[in-house]
Amino acid sequence: MEEPLIPVVPMSHTAHIRSHRKPRPRSSSALAMRAGVAGGVLSTLAVAGAAGSANAAEPVTQTIELPTLTSDMTAQVAESAEVTQQAAADYQLRAERDAAAAKAAKQAKADLADAKKKAEAKQKAEDARKAAAERANRSSERTTLTSTSADSDVPAPASGSVGTVVNFLKAQLGDAYVMGASGPDAWDCSSLVQAAYKQVGVDLPRVSQDQSVAGTPVSLSNVQVGDILYWGGAGSAYHVGVYIGGGQYLDAANPSKGVVIQDLSGYPASGAVRVL
């Protein structure tokens with residue numbers, strides 16, 4: 001019986017030589033340091049592994065929630081933009097309305113002022129026309145009264161404002177003269193003149209001094225029917241009467257004569273004023 005063959009493995013030429021290094025003795029502090037370093041490395045690896053795990057899980061969460069947040073924010077931004085745009089449109093509309101209202105008010109004010117000016121101008125023209133007509137009428141009345149009574153002692157009746165004054169005075173002929181009396185049957189000079197002009201709406205002062213400056217001064221050479229004659233100075237007159245044409249005047253003369261018609265040639269006046 002043959003014995004089995006044992007394979008032969010070549011060996012290194014130094015395999016039989018034992019290491020010449022001597023094992024170093026390891027202190028307990030070195031071992032502790034190595035253990036600490038190893039522990040720190042493991043801890044670091046553990047923390048890194050945990051962080052890696054957390055970081056690996058986080059994108060999944062963000063990927064799920066991000067579309068929802070983005071959609072809500074987009075809707076909110078769109079809604080805010082729409083509200084802002086509507087507010088801007090409303091503000092512009094109000095501004096346009098306010099501007100239009102202000103323009104309309106300004107135009108209305110200008111139109112009103114223009115209409116007022118036109119109305120005032122029209123009224124002034126109408127007043128001037130009436131005044132001219134009244135002056136022409138009074139001039140005609142005076143001319144008629146003067147020409148009619150030129151050759152008579154008592155003027156003829158007349159119409160209009162001047163005629164009303166003269167006719168009232170004539171109606172008082174024969175009344176008594178009483179200082180301070182005011183009618184109806186007794187007068188002094190100024191109360192008779194005042195009452196006569198009141199018949200046509202002219203309010204004269206009560207006393208002769210004031211009546212002598214109550215109207216427009218006229219010269220005695222231009223005196224007309226209805227003018228007030230006064231004796232004494234203007235503003236200090238002591239007697240008044242009314243010119244009735246034909247060189248005559250009517251007055252409440254004195255207690256002995258009463259209300260009479262007299263000639264200017266016998267008792268010339270100092271001046272005259274015109275109130276009609």
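Guide: Ala-176 is partly exposed, because its relative accessible area is 37% and that class runs between buried (under 20%) and exposed (over 50%), using a 1.4 Å probe and protein chains only. This is a predicted model, where local features need pLDDT of at least 70 and side-chain atom pairs need 80 or more, while totals for chains, interfaces and linings use all residues. Numbering starts from 1 along each chain as its sequence is written, and side-chain values use heavy atoms, leaving out hydrogens and water.

Ala-176 sits in strand 1, residues 176–177. Strands (E, at least two residues) and helices (H or I, at least four) are DSSP runs numbered from the N terminus. Set aside the sequence neighbours within four places, and Ala-176 is in contact with Asp-185, Ala-186, Trp-187 and Gly-258. Contact means heavy atoms within 4.5 Å. Ala-253 is 77 residues away from Ala-176 in sequence. In space, the two C-alphas are 9.3 Å apart.

Trp-187 is among the residues with the most contacts inside the largest nonpolar core, along with Leu-169, Leu-192, Val-193, Tyr-197 and Ile-228. Such a core joins buried Ala, Val, Leu, Ile, Met, Phe, Trp, Tyr and Cys residues through side-chain atoms within 4.5 Å. Helix 3 gives the largest share, six residues. Another core lies apart, with nine residues, including Val-218, Val-223, Ala-269 and Ala-272.

Take Tyr-197 next. Beyond four places in sequence, Tyr-197 is in contact with Val-165, Val-202, Leu-204, Gly-226, Asp-227, Ile-228, Val-242, Val-275 and Leu-276. Val-165 belongs to the buried residues of helix 2, which also include Val-162, Gly-163, Val-166, Phe-168, Leu-169 and Lys-170. Helix 2 covers residues 160–171, twelve in number. From its first C-alpha to its last, helix 2 reaches 16 Å.

Now the rings. The structure holds three aromatic pairs. Rings of Phe, Tyr and Trp (its six-membered ring) pair if their centres lie within 6.5 Å; planes under 30 degrees apart are stacked, over 60 edge-to-face, the rest tilted. Trp-231 and Tyr-249 have ring centres 5.0 Å apart and planes at 50 degrees, so this pair is tilted. It links distant parts of the chain: Trp-231 is in strand 4 and Tyr-249 in strand 6, 18 residues apart. Trp-231 is buried at 1% relative accessible area. Tyr-249 is buried at 0%.

Trp-231 also pairs with Tyr-267. This pair is stacked, with 5.2 Å centre to centre and 15 degrees between the planes. Tyr-267 lies in the loop between strand 7 (259–263) and strand 8 (271–274), 36 residues from Trp-231. Tyr-267 counts as partly exposed, at 33% relative accessibility. Trp-231, Tyr-249 and Tyr-267 form one aromatic cluster.

Last, the whole chain. The protein comes to four helices and eight strands, in the order α-α-β-β-α-α-β-β-β-β-β-β. Of its 276 residues, 24% count as buried. Among contacts between residues at least 6 apart in sequence, 51% join residues at least 24 apart.

Terms used:
Expected span 1.5 Å × (residues − 1).
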